[in-house]
Amino acid sequence: MDAAVLDALFTQSPVGLHVLDPRLRLVRVNTAAYRINDFRIHEMIGRPLWDILTAFQVPSPDEVEALAREILETGTPVLDLRLHIAGRDPAVEAVMSVSGFRLEDPDGTVLGLATSLTDITERTRAEERLRLLEKAAGTVGTTLDTFRTAQELCDLALPGFADSAAVDVLDLVLRGDAVPAGACCGNATVRRAGFRSASGRHREGVPRVGEVDTYPGGTPHWDVLTRLRPRLIRRMGAHTHWLDPTRPRDARLLAAGVHSMMVVPLRARRVVLGLVSFYRWHNQVPFGRADLAVAELLASRAALSIDNARLYQREHSAARILRSHPHRPPDLTGAAADTAGAYLPAAFGGAFVDVIPLSGARVALVAGDTTGRKSSDAAQAMGELRAALTALSDLDLAPDEILHRLHDLANGPEQDPEPGGVRPAFDTPATATCLYLIYDPVTRLCTMANAGHALPVLAHAGGATEHLEMPRGPALGRGIAHYPLAERVLPEGATLLLHTTALLPADGPAHRLPLDLLPPVPAGPTPPLQEICEAVLAAIAPARPRHDAALLLARTHQLDRRHTVSWTLDNRPQVVSEARKLIRDQLAAWSLDTLADTTQLIASELITNAVRYADGPIDLRLIRDHTLICEVTDDSSTAPQLRRALDSDEHGRGLFITAQLTDRWGVRPTGRGKTIWAEQPLAADDA
């Protein structure tokens with residue numbers, strides 16, 4: 001019975017069994033041992049363990065032999081010892097799980113050593129592939145940088161998975177463009193984005209990182225870019241038909257002895273990004289289907305990260321373009337104020353300051369902040385907000401009215417992601433704040449309204465500073481619109497400082513810039529205002545602002561009797577001739593006699609219109625700035641309309657004549673009615 005059981009064990013067991021005598025010579029093996037990896041085990045009967053280990057190229061055979069002797073001496077078994085063994089084909093390496101125990105007879109005499117051998121090659125390789133994929137989750141795609149991601153993939157593939165790895169990205173993708181899956185072709189220009197070789201150095205004929213190239217027709221790379229299907233080439237060499245020794249790349253493959261390769265497309269979100277290639281020339285085991293599956297998973301992960309980088313680059317470029325025209329407001333040197341601006345770009349945000357010339361030599365000073373889920377959202381909202389501000393400023397509205405209208409625009413219908421959806425006039429993805437001031441150099445009156453923005457700072461000519469106090473309404477598009485109008489007569493020679501939220505310290509008030517942080521703001525002509533502005537920005541800006549920061553300085557002026565004069569006239573027809581005489585005398589005093597005739601005609605038409613449609617007194621004002629401005633104010637709130645009268649009409653030509661004689665004209669509402677204004681250019685000697 002015992003002999004039959006023993007024979008059955010040695011003939012039927014699927015596990016390779018080996019018996020060695022006390023001198024560690026192989027004395028018996030079972031049938032399964034002959035089949036394991038096609039080993040020539042029958043040739044080893046009677047040979048010592050050392051010869052067997054060296055014949056099958058087991059690493060560190062002396063250590064394995066020492067372990068076997070330890071089992072014989074101590075009787076302590078060894079379980080699941082992993083050994084790498086070469087088979088009949090030296091290119092095929094097997095992984096075996098070996099367990100050994102001591103054999104004894106009933107009286108304790110040592111009979112020898114028994115071992116069991118199980119082929120776990122596929123299981124081991126599967127575990128290695130799984131570990132590779134797990135490692136890829138934490139090491140590939142760590143940044144929004146295409147070249148960094150490509151190099152991370154190449155570094156991951158070596159040394160265990162491949163002997164060389166290369167990532168080529170379509171040149172269009174690096175510019176932020178998307179190439180639809182059906183539009184790519186094999187001869188598209190690619191740029192080497194990542195490469196690593198087990199040789200440790202660059203070889204002639206291999207494109208360097210950053211270089212552009214194309215793949216010849218008929219090559220696996222060309223085929224992958226055209227068909228977008230992975231290619232597995234188990235065996236290749238001098239006999240391979242598509243390898244051309246006259247081409248540097250192919251010559252390099254042949255010289256390196258590459259015998260197996262895989263090429264996998266890089267695609268994500270229905271766009272083609274490039275391809276990744278894996279080569280083996282040192283590891284003699286060819287790639288298999290399981291390796292191709294792993295390569296596809298690695299390529300898929302890398303492609304998603306590369307596409308994220310593409311999208312980020314596109315949005316970052318769009319945001320940079322939107323924020324860079326201009327980075328700072330236009331410098332203004334005029335009767336109202338001298339201005340200077342400074343801008344500190346950051347990775348996020350849409351901060352801006354603006355200077356907008358208005359009628360009557362007035363000027364609007366604006367500061368705003370827009371934030372969003374992405375930098376491009378904030379930049380887009382900033383661009384649209386500035387465009388809306390410019391358009392509304394042309395209407396000569398008061399600051400509170402402008403902010404109310406902006407609030408209505410920002411509070412429009414929600415953006416509909418479906419085709420045909422209604423989009424608001426400008427989209428504020430998160431928050432948009434705005435501070436709007438109008439300064440009148442004739443009266444030194446500053447009118448202002450605030451939509452959730454930081455308070456401006458007023459620097460006096462003597463050096464003292466203070467905040468311009470005003471009510472703060474809600475951010476644009478948030479809550480109920482309530483933007484009270486505030487007024488303040490500014491002292492002579494004062495400088496206004498408008499800034500964005502990024503310049504506020506993190507531990508300070510949410511809307512007040514600590515005045516002790518401000519360096520002195522000189523009132524004199526030196527140093528230049530632009531230098532002062534840049535010095536102030538450098539002093540108060542954080543070291544690494546997360547949001548864009550912008551600063552605007554406006555040194556205010558006052559128009560005195562040499563630049564402006566006004567009269568209050570009775571509302572009667574005879575006042576037209578009186579106004580003509582007043583204008584002629586004043587322009588003579590200003591040495592602007594060449595403009596007397598046209599200015600008298602303009603004033604006559606505007607005053608005649610006021611006499612006809614208004615009831616109360618009429619105000620006439622002349623302002624000499626870089627232009628000559630004529631203003632007529634009455635108590636009628638009805639805005640006149642420009643008409644083109646027929647030859648037979650007796651009336652309706654007043655505004656038409658005014659428009660023909662001036663560079664600009666317009667109407668703005670006032671507290672008691674309206675003001676019609678008209679501008680004429682001054683000659684270079686008169687300005």
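Strand β7 (residues 179-180) runs antiparallel to β12 and is joined to it by two bridges, and here the bridge partner of V179 is V272. Strands are DSSP runs of E with at least two residues, numbered from the N terminus, and two of them pair if DSSP finds at least two bridges between them. The model is predicted, so that local features need pLDDT of at least 70 and side-chain atom pairs count only at pLDDT 80 or more, while totals for chains, interfaces and linings use all residues. Residues are numbered from 1 along each chain as its sequence is written, and side-chain values use heavy atoms, with hydrogens and water left out.

| Strand paired with β12 | Bridges | A bridge pair |
|---|---|---|
| β6 (residues 164-170) | six bridges | A166 and S277 |
| β7 (residues 179-180) | two bridges | V179 and V272 |
| β11 (residues 260-268) | nine bridges | M262 and F278 |

Strands β11 and β12 form a hairpin with two residues between them, and R269 in that turn has a positive phi of about 50°.

Elsewhere, S604 lies in helix α15 (residues 596-613), a helix being a DSSP run of H or I with at least four residues. Because its relative accessibility is 9%, S604 counts as buried. Leaving aside neighbours within four places in sequence, S604 is in contact with V576 and R580, contact meaning heavy atoms within 4.5 Å.

Notes:
Buried means under 20% relative accessible area, exposed over 50%, partly exposed in between (1.4 Å probe, protein chains only).
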